[in-house]
Amino acid sequence: MNTNKPCIVFDLDGTLVDTAPDLAGAMNAVLRHFGRSEVSTDAVRRMVGHGARRTMAEGLRLTGGGTDAMLDEGQPIFLDHYGRNICVESRPFDGVESVLDRLAADAALAVCTNKPVALAEKLIASLGWGDRFAAILGGDSLPVRKPDAAPLYEVIARSGGDPARAAMIGDSSSDMGAARAANIPSVLVSYGYLDAPVADLRADAVIAHFAELPAALRRAAPSIWSTGAGPA
Ligand SMILES: O=C(O)COP(=O)(O)O
Ligand SMILES: [Mg+2]
């Protein structure tokens with residue numbers, strides 16, 4: 001089924017939602033388990049975007065080093081703590097809800113995150129966003145994750161969309177890499193958990209506030225709108 005609408009695919013952490021405080025809570029539960037010192041939420045902001053295991057690996061590296069065995073031991077602690085505290089301090093970034101409302105009139109909206117899909121769905125439900133997205137794909141939904149193009153193609157297909165009329169909005173190298181691999185226009189949010197200098201991420205447009213997104217989409221992805229005009 002093709003909806004005949006453009007499909008706008010959003011990354012979750014660092015793009016739609018500031019999840020770093022609750023991710024830091026889970027990270028610090030793991031660090032306490034290993035007798036390490038805790039890390040700050042700001043430090044965790046630089047560790048998100050490539051899945052929980054990579055976040056944990058960075059936290060362990062920063063506090064004395066980690067082995068694969070420690071990651072195996074820490075992973076259930078991280079996921080259990082995070083799952084029970086997923087929306088304690090996590091909040092949508094400024095402007096997100098009103099812009100999603102506006103875009104929903106003209107496009108199918110989807111989420112493609114490297115978070116485990118069950119946790120992504122739980123966070124989205126906790127925010128009261130259960131009806132906003134045509135499809136949600138997580139880092140464990142397919143054998144590969146962003147920056148591979150496959151999850152992007154898959155979430156667009158599940159949304160009833162067409163890759164030729166899609167755009168990717170994200171905050172990290174995994175998002176921009178996936179968009180490039182899929183040959184889909186990209187918008188980078190520079191307020192997110194950037195893991196590289198903005199210029200290195202080679203986005204088609206960069207925005208510093210979510211309210212700039214409709215204009216950025218008109219600029220970066222003019223061909224995905226049937227009228228050619230873009231979203232209001
Ligand atoms: O690293 C994660 O767990 C998820 O990050 P993402 O939502 O930015 O893909
Ligand atoms: Mg992100």
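## A buried aspartate, D13

D13 is buried, with 26 other C-beta atoms within 10 Å. A residue counts as buried if 20 or more other C-beta atoms lie within 10 Å of its own, as exposed if 12 or fewer do, and as partly exposed in between, with C-beta atoms placed from the backbone. D13 sits in the loop between β1 and β2 (17-18). Helices (H or I, at least four residues) and strands (E, at least two) are DSSP runs, numbered from the N terminus.

This is a predicted model, in which local features need pLDDT of at least 70 and side-chain atom pairs count only at pLDDT 80 or more, while totals for chains, interfaces and linings use all residues. Residues are numbered from 1 along each chain as its sequence is written, and chains are lettered from A and ligands numbered from 1 in the order in which they are written.

## Annotated positions

The UniProt annotation "binding site", from an unreviewed entry, covers D11, D13 and D171. These residues span 161 residues in sequence, yet no two of their C-alpha atoms are more than 8.2 Å apart, so they gather at one spot. UniProt positions are given in the numbering used here, feature names are shortened, and annotations may be inferred rather than shown by experiment.

D11 lies in the loop between β1 and β2. D11 is buried, with 29 other C-beta atoms within 10 Å.

## Around ligand 1

Which residues come nearest to ligand 1? They are L12, D13, T113, N114 and K115, out of 14 residues around the ligand. A residue is near a molecule or strand if its C-beta atom, placed from the backbone, lies within 6 Å of it.

The shell around ligand 1 has 3 nonpolar, 8 polar and 3 charged residues. Here Ala, Val, Leu, Ile, Met, Phe, Trp, Tyr, Cys and Pro count as nonpolar, Asp, Glu, Lys and Arg as charged, and the others, Gly among them, as polar. Domain 1 (7-18 + 90-224) and domain 2 (20-84) each supply at least three residues of this shell. The domain bounds come from an automatic or database domain assignment.

Strand β4 (residues 108-112) is largely enclosed by the rest of the structure, because 5 of its 5 residues are buried.

Strand β1 (residues 7-10) pairs with β4 in the parallel sense over 4 bridges. Two strands pair if DSSP finds at least two bridges between them. I8 is found in β1, and its bridge partner in β4 is L109. I8 counts as buried, with 28 C-beta neighbours inside 10 Å. The C-alpha atoms of I8 and M168 are separated by 6.1 Å, although these residues are 160 apart along the chain.

β4 also pairs with strand β5 (residues 135-137), in the parallel sense over 3 bridges. There, A110 has A135 of β5 as its bridge partner. β4, helix α6 (residues 117-126) and β5 make a right-handed β-α-β unit. A crossover is right-handed if, with the strands pointing away from the viewer, the path from the first strand over the helix to the second runs clockwise.

## Strand β7 and its partners

S186 and L188 point one way from β7, V187 and V189 point the other way, and all are buried. Strand β6 (residues 166-170) and β7 run parallel and are joined by 3 bridges. G170 has L188 as its bridge partner in β7. β6, α8 and β7 make a right-handed β-α-β unit.

β7 is also joined to β8 by 3 bridges, and these strands run parallel. V189 stands opposite I207 in β8.

## Backbone exceptions

Most residues other than glycine have a negative phi, and most peptide bonds are trans. N183 has a positive phi of about 60° although it is not a glycine. N183 lies in the loop between α8 (173-182) and β7 (186-189). Is N183 buried or exposed? N183 counts as exposed, with 11 C-beta neighbours inside 10 Å.

R202 is not a glycine either, and has a positive phi of about 50°. R202 lies in the loop between α9 (198-201) and β8 (205-207), and is partly exposed, with 14 other C-beta atoms within 10 Å. A cis peptide bond joins K146 and P147, with omega about 15°. P147 lies in the loop between β5 and α7 (150-158).
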